[in-house]
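Here's a walk through a protein model, one stop at a time. Have a look at it first, and then we'll start at a metal ion.

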Amino acid sequence: MTVAVVAEGLVRAYGPVRALDGLDLVVPRGSVCAVLGPNGAGKTTAIRVLATLTVPDAGRATVLGHDVVRDAALVRGSIGLAGQHAAVDDDLTGRENLEILGRMHHLGRREARRRAGELLDRFDLADAGDRLVKTWSGGMRRRLDLIASVVVAPPVLFLDEPTTGLDPRSRTEIWTTVRELVGAGTTVLLTTQYLEEADRLADDIVIIDGGKAVATGSPDVLKNSIGVRVDVLVETSGELAAAAAALAAYTGGDPEVDAAGLRISAPVVGTAVSVPGVVRTLDAAGVAVLDAGIRRPTLDEVFLHLVRPRHEEAAA
Amino acid sequence: MTTTATNPVPARSRPLVDGAAAASRVLAKLRHDPAGIALTLAAPVMLVLVFGYIFGSAIAVPGSGDYREFLVPGLFVTIAFNLIPAMIAMARDSGRGVVDRFRSMPISRVAVPFGQAAATALYGLGCLLLMAACGLLVGWRIRTGIGPALGALGLLVAFQFAATWIGMFLGLVIRNEEAAGQLSVLVLPVGMLSNVFVPTAGMPAWLRTIADWNPVSAVTAAVRELCGNPTAPTNGAWPLEHPVLASLLWTALLLAVFVPLCTARYARPRD
Ligand SMILES: Nc1ncnc2c1ncn2[C@@H]1O[C@H](COP(=O)(O)OP(=O)(O)OP(=O)(O)O)[C@@H](O)[C@H]1O
Ligand SMILES: [Mg+2]
């Protein structure tokens, strides 16, 4: 496995706030790595360090083997960046935005113009291409921002929350674009608030909180890491309490009760469970079960499991 | 290797290409902003009208000179010293992440501000020529010759280039379009605190010293001298006694301070 991006023990403090507090990260070449984390976890800071926009206080990071501090110029030659806030020029047309970036990439005037036209066509922005960007919708702008970072397809692409605020269709289009780029050999490191996005797009997920990685792995590995869950549906709300108590004893986990939906969901901690076992247990507790099932946790549940307890600690 | 995504850009930078691209970005924005251009073009006309005719009726010029002929060179300098557009544009770019994108690219980090400054100066040249046309209409004249007049134009362009760097530096420091807009109110009096509108001789001593040493005064006096227009008393202040040399020195000093400050700030990894 050749690696595209490596971060080791990155630290970056802003006054008393340690935005990065020993972040470790490895992104294999040609893969998609999603960095997940709550607001303020340090996602943007991590991207800024990797994109040579911020210098870390400690630790080191390399992109394609180039150190982001010492060989910053070489790193810049191998990356594309779409930051958290769209960095396109509102006072220019979409085409001009792309043309100017093409010229800054030394494509030459003619080639820059050709490439801008090609990208606009390909990403369905040709109709709006000659209108000022300030007249574009938020989703179109975000897409332009993404395209602007691949005017010259970079080997490594950093995307900071590429789909935040987009409607489902635009989101799907961005995902398609990212997959195409990866198909062409680009390595992508993206941050996101959407677990589904990470699930669908990423080969690896790094969950960060408080400036360091709290879990790393493929979506499957992460889901398996916190065990399976038992879900049941009961008939009446009067049975919820009894059912929850019985499930807690059976699974060893702390059940979540959805009173309105008459559903209970409990993580399984360190025991073996089966659907007949669930039914027998609840039957013995005098609960009529309408539905019972065992499933893997969703990524949301993994995320909350890993991230929430720390915040409750901090609040306490 | 199966990858087709390659980046043909070597780490070696090509400052001229980068600078030209940055300059064309500024010019392209201007092209889309006819209202802004109209406003810029209207400003000199308004200044001539308001100051030349309204104030001019009450202001006496030393000697027997015509007030408007005294005023127009000062208005040239006021226009040249207008660093506000450069400041606001740079504040907007760095607030919105445009500067971040450029800084994450393998481009010459010095060339981009240079290109922007050059394009701004080019636009400023157009404004100066228009102001000259307005001036000629209201009675301003070049009473020397083509050589000194071109010298005056050269001084103005150089001074404007220097002022643009001050503006870009302030914009980079402020990094917020609205804040930059508010600061522009403070920039205006700097141009007023000079010999542009009235001779400094009548000012209180402390104010007169500031005004006499204001670079705007030196350039104004130089343009008046080079065009053979009425001049103001120098009060024995060195910059006003040697206005051309003082203007060149001021311009050189401002460039020597603000070009390195601005490029360093532009290139520096930030928070
Ligand atoms: N320039 C700065 N000055 C001061 N503090 C900063 C700065 N940049 C980031 N921080 C702080 O560092 C922490 C991490 O910020 P960062 O922007 O990296 O988080 P994030 O994970 O991207 O959050 P979000 O999901 O809201 O975008 C936050 O507490 C933030 O307030
Ligand atoms: Mg962020």
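Let's begin with Thr44(A), which is partly exposed at a relative accessible area of 27%; here buried means under 20% relative accessible area, exposed over 50%, and partly exposed in between (1.4 Å probe, protein chains only). Gln84(A) is partly exposed too, with a relative accessible area of 30%. These two are the protein donors of the magnesium ion (ligand 2), through OG1 of Thr44(A) and OE1 of Gln84(A), at 1.9 to 2.1 Å from the ion. Donors are N, O and S atoms within 2.8 Å of the metal (3.2 Å for Na, K and Ca), and as water is not among the atoms, sites may look incomplete. The pair brings together distant parts of the chain, 40 residues apart: Thr44(A) belongs to helix α1 (residues 43-50) of chain A, and Gln84(A) to the loop between β6 (79-82) and α3 (94-104) of chain A. Helices (H or I, at least four residues) and strands (E, at least two) are DSSP runs, numbered from the N terminus.

A quick word on reading all this: it's a predicted model, where local features need pLDDT of at least 70 and side-chain atom pairs count only at pLDDT 80 or more, while totals for chains, interfaces and linings use all residues. Residues are numbered from 1 along each chain as its sequence is written, chains are lettered from A and ligands numbered from 1 in the order in which they are written, and side-chain values use heavy atoms, with hydrogens and water left out.

Now for the place where the two chains meet. Chain B brings 40 residues to the contact and chain A brings 44, contact meaning heavy atoms within 4.5 Å. About 3500 Å² is buried between them, with carbon and sulfur atoms giving 55% of that; buried area is the accessible area (1.4 Å probe) that two parts lose on being put together, summed over both. On the chain B side, Arg96(B), Arg101(B) and Ser104(B) lose the most area to chain A, together 19% of what that side buries.

What about charges? Side chains of opposite charge can pair when their charged atoms come close. Between chain B and chain A there are eight salt bridges, each a side-chain nitrogen of Lys or Arg within 4 Å of a carboxyl oxygen of Asp or Glu. One salt bridge joins Asp100(B) to Arg48(A), at 2.8 Å from N to O, and both of these residues are buried.

Another pairs Arg25(B) with Asp89(A), at 2.6 Å from N to O. This pair runs from helix α1 of chain B to the loop between β6 and α3 of chain A. Arg25(B) is buried at a relative accessible area of 2%, and Asp89(A) is buried at 6%.

Within chain B, Lys29(B) forms a salt bridge with Asp93(B), their closest N and O atoms being 3.8 Å apart. Lys29(B) sits in helix α1 of chain B and Asp93(B) in helix α4, 64 residues apart. Asp93(B) counts as buried, at 3% relative accessibility. Salt bridges that share partners build one network whose members include Asp89(A), Arg25(B), Lys29(B) and Asp93(B).

Last stop: Ser265(A), in strand β13 (residues 263-267) of chain A. Ser265(A) counts as buried, at 11% relative accessibility. Its side chain makes a polar contact of 2.9 Å with the side chain of Arg229(A).

Note on methods
A polar contact is a pair of N or O atoms within 3.5 Å; within protein, one must be able to donate a hydrogen and the other to accept it, and residues adjacent in sequence count only if both atoms are side-chain atoms.
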